[in-house]
Amino acid sequence: MGALLVWVLAAGAVALTVGAYLVWVVISNRRRGITGLGRVVRLTCPKCQRSFDYAFVPGASLTSLRLGRSRYFACPLCGRWSIFPLTDRPGVP
Ligand SMILES: [Zn+2]
């Protein structure tokens, strides 16, 4: 019974941490004039030269590698991995 209680407490702590992080992301985005989770930027793939909208969550990334202000991930159009610079001005390379 004691072990079960520990597991319940651990799961609760993880849920609280994740919840607090999501709240922090939303609040910090609001401060920068961004609503909701993440932003959408217009990126152009250097491999296939086609542009697409890329939604990302500032400060967090599950599907790409963070490289400062750039991300390394697979192009959704051609599937090839490239470094995409993320600018604050959508449409400006
Ligand atoms: Zn591409």
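## Model and confidence

The pLDDT is the predictor's confidence in each residue, on a scale from 0 to 100. This structure is a predicted model, and the protein averages a pLDDT of 77, with 69% of the residues scoring at least 70. Among the elements of the protein, strand S5 has the highest mean pLDDT, at 89, whereas strand S3 has the lowest, at 70.

## The hairpin of S4 and S5

Strand S4, which covers residues 70-74, runs antiparallel to strand S5, residues 81-85, and five bridges join the two. One of the pairings links alanine 74 to tryptophan 81, its bridge partner in S5. Six residues lie between the strands of this hairpin, in which glycine 79 adopts a positive phi near 80 degrees.

## The loop between S1 and S2

Glutamine 49 belongs to the loop that lies between strand S1 (39-44) and strand S2 (51-56). Its phi is near 65 degrees, a positive value in a residue other than glycine. Glutamine 49 counts as exposed because 9 other C-beta atoms lie within 10 Å, and the cut-off for that class is 12 or fewer.

## Arginine 66 in S3

Arginine 66 is part of strand S3, which spans residues 65-67. From C-alpha to C-alpha, arginine 66 and isoleucine 83 are 9.6 Å apart in space, while 17 residues separate them in sequence.

Terms used: Residues are numbered from 1 along each chain as its sequence is written. This is a predicted model: local features need pLDDT of at least 70, side-chain atom pairs count only at pLDDT 80 or more; totals for chains, interfaces and linings use all residues. Helices (H or I, at least four residues) and strands (E, at least two) are DSSP runs, numbered from the N terminus. A residue is buried if 20 or more other C-beta atoms lie within 10 Å of its own, exposed if 12 or fewer, and partly exposed in between; C-beta atoms are placed from the backbone. Two strands pair if DSSP finds at least two bridges between them.
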